[in-house]
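Biologist: I'm new to this one. Can you put it on screen and walk me through the aromatic rings?

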Amino acid sequence: MSVPCATVARMSEQTGTVDADVMRSFEVHRRELCAYAYRMLGSSFEAEDAVQDAFTRAWKSYDSFEGRASLRSWLYKITTNICLDMLDGPQRRARPMDLSGPSTPDRPLPSPQPDYVWVEPIPNSLAFGADPAEHATAKDSLRLAFVAACQHLPATQRAILIMREVLRFSANETAEALTMSTASVNSALQRARATMSKVRPADTDTYDETDDDQRQLVENFVTAFESYDMDALTTLLKSDVALSMPPFDLWVSGPENVAEFMLGTGAACRGSRMVPLAGANGHPAFGHYKPSGEPGRWLPWSITVLEMRDGVITGLNFFLDTERLFPLFGLPPEWTEAPAGEPA
């Protein structure tokens with residue numbers, strides 16, 4: 001609900017009701033703005049900060065909103081400017097696969113890189129509304145591979161590509177949001193498309209919880225991983241599957257190398273528990289807890305995100321920054337179960 005600015009100016013001194021109405025009108029757009037900012041920034045934390053900053057600026061300047069554009073377009077304009085300011089620098093987020101070739105599975109773990117190096121996962125709940133039809137469109141453009149590919153674009157081209165091809169803004173709406181000419185927008189879009197065609201983000205499926213085959217694949221993965229059955233696990237993996245573990249830039253490729261890594265450097269994951277999440281980036285995801293050494297107690301290890309294609313797993317992504325990510329996904333700081341033979 002949009003509230004006339006004159007009414008806000010007249011009534012806000014008397015009551016907080018109208019201000020609350022204004023903020024509620026902003027909140028309707030929070031998820032889609034957060035998804036947009038995430039595509040721009042590659043960080044769910046920065047995306048949340050950008051949207052909150054946008055709402056603060058919009059609330060402070062609401063008296064100047066004249067209604068010539070929709071409230072949604074106006075909020076996108078403010079959010080875009082904030083994202084562009086945040087992207088003012090050479091650093092772009094990436095995935096380990098973007099930085100180097102695959103490692104041998106016996107390579108020692110390198111030193112971790114800072115969190116700002118990596119494309120981070122985003123909970124589905126931060127980016128998707130309640131409409132399943134909306135999910136199908138949004139999920140594809142929130143895939144890890146797509147978001148990482150967008151990071152190759154200069155900031156303004158990134159905004160234009162997302163606005164035009166993901167959000168379906170018109171060239172005129174995009175030009176208004178970015179204070180550019182329509183001709184400049186169209187030219188930048190062509191350059192962005194050319195870059196994306198060279199980057200060629202990996203083609204992965206989004207997860208459909210109603211698809212029996214996809215659901216069975218995920219269940220088979222959990223069974224194989226929790227039992228640490230590498231023979232069963234490797235049958236679920238694509239021939240060029242990639243295993244990565246941000247904040248380490250190490251990654252390995254291929255089912256045999258994944259198994260060797262998990263039985264060597266990754267052996268501490270034996271006996272893990274995989275707690276299903278509502279999803280991340282439109283992919284199936286888990287809170288991954290590893291054994292603590294005490295019976296019935298497991299400690300945070302990673303947010304694990306699976307990428308799939310054509311009935312097999314193409315990506316095993318273990319995001320290890322549990323101190324930040326577990327609260328974001330609403331996960332407890334440890335997982336407990338009664339030891340076998342004891343009452344729960």
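Biologist: Which residues form one aromatic cluster?
Modeller: Phe 26, Phe 55, Tyr 62, Phe 65 and Trp 74 do. This is a predicted model, where local features need pLDDT of at least 70, side-chain atom pairs count only at pLDDT 80 or more, and totals for chains, interfaces and linings use all residues. Residues are numbered from 1 along each chain as its sequence is written, and side-chain values use heavy atoms, with hydrogens and water left out.

Biologist: How many aromatic pairs are there?
Modeller: The count is 13. Rings of Phe, Tyr and Trp (its six-membered ring) pair if their centres lie within 6.5 Å; planes under 30 degrees apart are stacked, over 60 edge-to-face, the rest tilted.

Biologist: Why is the pair of Tyr 36 and Tyr 76 edge-to-face?
Modeller: Their planes are at 65°, so the pair is edge-to-face, with centres 5.2 Å apart. Tyr 36 is in helix H3 and Tyr 76 in helix H5, 40 residues apart. Helices (H or I, at least four residues) and strands (E, at least two) are DSSP runs, numbered from the N terminus.

Biologist: Are those two buried or exposed?
Modeller: Both Tyr 36 and Tyr 76 are buried, meaning under 20% relative accessible area (1.4 Å probe, protein chains only).

Biologist: What about Phe 221 and Phe 286?
Modeller: Their planes are at 40°, so that pair is tilted, with centres 6.1 Å apart. Phe 221 lies in helix H13 and Phe 286 in strand E4, so the pair ties together parts 65 residues apart in sequence. Phe 221 counts as buried at 0% relative accessibility, and Phe 286 at 4%.

Note on methods. Buried < 20%, exposed > 50% of the residue type's maximum accessible area, 1.4 Å probe, protein only.
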